[in-house]
Structure formats: C-alpha cells, structure tokens
Amino acid sequence: MADTQQVDTKAGWAERWAEYRLSRMAGRIDAFSKAHGGAEAQVAYLGERGARIVLVGEDGAWGDLVARSPEAARKAVEKSGITVHDDFDGEFAAKVETGPYEWSRMAGIQVGGPSNT
C-alpha cells in the first residue's frame, strides 16, 4: 500500500486572508495618494475596534480608514510607501483643508447649518 497523507486545506487560510486585507487596504491608501498628489498618514489607536488611519493628501484633502489592529494599520501604510506621523499635530495637521461641508457638520447647529440628525 502507498503511504497517504492528508492535506489540510485550511492551513494558512487565516494568514492568506490577513495578507489579502492588508494588500487591499494598502491599495486604497495608494489610490488616495495618487488621486491627491501624494499623501501622509497617522495611525490612531481605537481600542478593541482597531486603529484609524488618517490620510492627508498634498492638496489638503483628507480621509480615513479603519484597520483591525494598529499593527495591521502600520503594515498597510508602510506597504503603500507613504510617510507615517506619530501625532496629528503641527505642520501635518495644518495641511488639512476643510470646506463648507465639514464646517456645517462639525458646528452646524451652532452656526445655523443643517443639524447632525
């Protein structure tokens, strides 16, 4: 009789899925960077929820993504090749340009804009 060996098809599945999520997030970061003439990022810990990646484009546009962990967030940003800041302050924060939409959503009730409900 021939020796047979059972192959575990689930072995490595979690690692492959994590790599897929990482590549997809890095792709989204890269797309944002290309659309806005370059970008920089900051990773903020959200507790059990994971980590928030705040992206700021060279044109002042900003956006964010949420990763499952701070490690995953940092890996995605590093894979995309953009600069990562430790804090969201100083020159980095000054690059963000807010428009009428952001102002009406942040202080809409106080300044007579649309309510947040």
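Predicted model: local features only at pLDDT ≥ 70, side-chain atom pairs only at ≥ 80, totals over all residues.
1. Let's start with a term. A salt bridge here is a side-chain nitrogen of Lys or Arg within 4 Å of a carboxyl oxygen of Asp or Glu. With that in hand, look at Glu40, Glu58 and Lys95, which are linked in a network of such salt bridges. The structure holds 6 salt bridges.

2. Residues are numbered from 1 along each chain as its sequence is written, and side-chain values use heavy atoms, with hydrogens and water left out.

3. Now the overall layout. The protein has 4 helices and 4 strands; helices (H or I, at least four residues) and strands (E, at least two) are DSSP runs, numbered from the N terminus. Read from the N terminus, the order is α-β-β-β-α-β-α-α. Of the 117 residues, 27% are buried. Buried means under 20% relative accessible area, exposed means over 50%, and partly exposed lies in between (1.4 Å probe, protein chains only).

4. Two strands pair if DSSP finds at least two bridges between them. E2 is joined to E1 (residues 39-45) by 7 bridges, and to E3 (residues 62-67) by 6 bridges. E1 and E2 run antiparallel, and so do E2 and E3. To find your place, spot Ala41 opposite Leu55 in E2, then Val54 opposite Asp64 in E3. In a regular strand the side chains alternate between the two faces of the sheet. E2 is mostly covered, with 6 of its 7 residues buried.

5. Which residues touch the most other members of the largest nonpolar core? Met25, Ile29, Ile53, Leu55, Val77 and Ile82 do, in a core of 16 residues. H1 (13-35), E1, E2, E3 and H2 (70-80) each supply at least two residues of this core, and the largest share, 4 residues, comes from H1. A nonpolar core is a set of buried Ala, Val, Leu, Ile, Met, Phe, Trp, Tyr and Cys residues joined through side-chain atoms within 4.5 Å.

6. Contact means heavy atoms within 4.5 Å. Leaving aside neighbours within four places in sequence, Met25 is in contact with Ile53, Leu65, Val66, Ala67 and Ala76. Ile82 sits in the loop between H2 and strand E4 (83-85). Is Ile82 buried or exposed? Ile82 counts as buried because its relative accessible area is 14%. Not counting residues up to four places away in sequence, Ile82 touches Ile29, Ser33, Ala39, Glu40, Ala41, Leu55 and Val77. Ile82 and Asp30 are 52 residues apart along the chain, yet their C-alpha atoms are separated by 8.2 Å.

7. Asp30 forms a salt bridge with Lys34, with the closest N and O atoms 3.2 Å apart. Both lie in H1, 4 residues apart, about one turn of the helix. Asp30 is partly exposed at 26% relative accessibility, whereas Lys34 is exposed at 66%.

8. Now the network itself. Glu40 forms a salt bridge with Lys95, the closest N and O atoms being 2.2 Å apart. This pair links distant parts of the chain, 55 residues apart: Glu40 is in E1, and Lys95 is in the loop between H3 (90-94) and H4 (100-111). Lys95 also forms a salt bridge with Glu58, with a closest N and O separation of 3.9 Å. Glu58 is in the loop between E2 and E3, 37 residues from Lys95. Glu40 is buried, with a relative accessible area of 11%, while Lys95 is partly exposed at 31% and Glu58 is partly exposed at 45%.
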